[in-house]
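Here are my notes on this model, as numbered points. Please read them with the structure open.

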Amino acid sequence: MGPFPNLKDKKILLAVTGSIAAYKSLLLTRLIVKAGAEVQVIMTKAATHFVSPLSFATLSRKKVHLEIMEDDAWNNHVEMGLWADAMVVAPATANSLAKMAHGLADTMVHAVYLSAKCPVFFAPAMDLDMWKHPSTQDNVNRLRQFGNIEIKVGTGELASGLVGAGRMAEPEEIMQTLDDHFQTNITFSGKKVMITAGPTIERIDPVRFISNHSTGRMGISIANAFAKQGATVQLILGPSKLKDLIDPRVSTTHVESAQDMLEAAQGHWPSQDIAVMTAAVADYRPQTIADNKIKKKEGDLSIALERTADIAASLGQVKRPDQRLVGFALETENGLENAKLKVYKKNFDMIVLNSLKDKGAGFKHATNKVTIIQKDGSSKEYPLKSKDEVALDILAAIEKSFVEP
Ligand code: CTP
């Protein structure tokens, strides 16, 4: 990794809180300086028990601030929050995350956090049980919802001697995240992209539902690839167990039923440049949802089903000339023909066909084999690849067809 060219001349505010991982932030400071950026370190009192402010001051070539009031001088936290191009809280302890998530401002670090106008990155560091605790997870989720960017913890030996998740990300990883963030002129920078993904759940009664095998994996891979290439990404995700794979730069709206997904998609569509429809939306839902659990009786039971709305088609109907709509087609027979028909019926600009007949393709596999079909009928078949690699092929096809002049 490195040498992190996009950090040159950037102003980074590094907030160090009280964890043994603070020693790693010394290296981080060194790397930021080496990349040609300016770094201002602020610390909590607890952090100074682990690493001395003098070490940070020496490496950053700047006085380290610990308190809002210092030597009778007022440290202007608002000014610091405005000065920075990015704020990085590393390590971020469970206590610090909780304060950030709930707006407490009793330290310099937390006051600056509240007044920061720049993007805020946080690299949690704690013992595995503290990390797993629902309070911590809830706080991390809140911070992500506020638009802060999580730098994921690693798994391994912890200071307590226990082994598990909770280690602060390595300084090089933090640098890479910052470098990616400051990268400009990348393919989709300035573009807004929406992706629908995952299954939908259609309730029958309080305990039962109709759904399908979709995991959301393909859509998450596409969302992550767009985020990496500079797009502002809105993911509309049905119930999925793979939330942890979502890149922190992606904003996610969680939905349950086809109707929820329709409303979310229609709400976001007018402000998007591109939408990619990967969701496996239920085509039918029970006509009524029973208020109580349906008890078994003698004989058979029929459940009356009604059609759900076609989300992709509804976006296709109101698509503007400057917008692009990409569909997916899952076919078990006559794939090419059926996919071409869907391009026309749903007003797609491009469709990605995956055939369940291909070994390793489709639901529950980490791999996929696709054919990309353009509106003019031309098509290109790709070999079996990981879903992350397929996502890159799809982005390249989108770039070639829509973004290049
Ligand atoms: N789609 C959608 N809303 C629906 C059904 C499908 O947005 N209610 C989208 C899918 O996300 C996909 C495309 O439409 O991009 C095609 O989905 P697919 O399930 O292959 O097709 P269907 O329209 O359901 O057609 P069929 O049942 O005839 O295969």
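1. Contact here means heavy atoms within 4.5 Å. On that basis, and leaving aside neighbours within four places in sequence, Ser96 is in contact with Thr17 and His110. The model is a predicted one.

2. Ser96 is found in helix α5, residues 94-102. Is Ser96 buried or exposed? Ser96 counts as buried because its relative accessibility is 3%, and the cut-off for buried is under 20%.

3. Look next at α5 against α8. Their axes come within 9 Å and cross at roughly 45 degrees. The two helices are therefore oblique to each other. The crossing of α5 past α8 is left-handed. On the α5 side, the contact is made by Ala94, Leu97, Ala98, Met100, Ala101 and His102. On the α8 side, Thr136, Asn139, Val140, Arg142 and Leu143 take part. By class, the residues of this contact divide into seven nonpolar, three polar and one charged.

4. α1 passes α3 in a right-handed crossing. From α1, the contact draws on Ala22, Ser25, Leu26, Thr29, Arg30 and Val33. From α3, it draws on Ser55, Phe56, Leu59 and Ser60. Five nonpolar, four polar and one charged residues make up the contact of α1 with α3.

5. Now the cores. In soluble globular proteins, nonpolar side chains tend to be buried together. The largest nonpolar core of this model has 35 residues. Which of them touch the most other members? Leu7 and Ile174 do. Two or more residues each come from β1 (11-16), α1 (22-34), β2 (38-43), β5 (86-92), β6 (120-124) and α9 (171-182). The largest share, six residues, comes from α1.

6. Ile174 deserves a separate look. Not counting residues up to four places away in sequence, Ile174 touches Leu28, Val88, Ala90, Ala123, Ile151, Met168 and Ala169.

7. Last, Ile311. This residue lies in helix α12, residues 311-317. With a relative accessibility of 3%, Ile311 counts as buried. Leaving aside neighbours within four places in sequence, its contacts are Ala258, Met261, Leu262, Ala265, Met277 and Val281. How many residues separate Ile311 and Ala265 in sequence? They are 46 residues apart in sequence, and 7.5 Å apart in space, C-alpha to C-alpha.

Notes:
Residues are numbered from 1 along each chain as its sequence is written. This is a predicted model: local features need pLDDT of at least 70, side-chain atom pairs count only at pLDDT 80 or more; totals for chains, interfaces and linings use all residues. Side-chain values use heavy atoms; hydrogens and water are left out. A nonpolar core is a set of buried Ala, Val, Leu, Ile, Met, Phe, Trp, Tyr and Cys residues joined through side-chain atoms within 4.5 Å. Buried means under 20% relative accessible area, exposed over 50%, partly exposed in between (1.4 Å probe, protein chains only). Helices (H or I, at least four residues) and strands (E, at least two) are DSSP runs, numbered from the N terminus. A crossing is left-handed if the near helix is turned anticlockwise from the far one by less than a right angle, and right-handed if clockwise. Ala, Val, Leu, Ile, Met, Phe, Trp, Tyr, Cys and Pro count as nonpolar, Asp, Glu, Lys and Arg as charged, and the others, Gly among them, as polar. Axes are lines fitted to C-alpha atoms, for helices over the stretch in contact, and angles run from 0 to 180 degrees between N-to-C directions. Angles under 35 degrees count as roughly parallel, over 145 as roughly antiparallel, 65 to 115 as roughly perpendicular and the rest as oblique.
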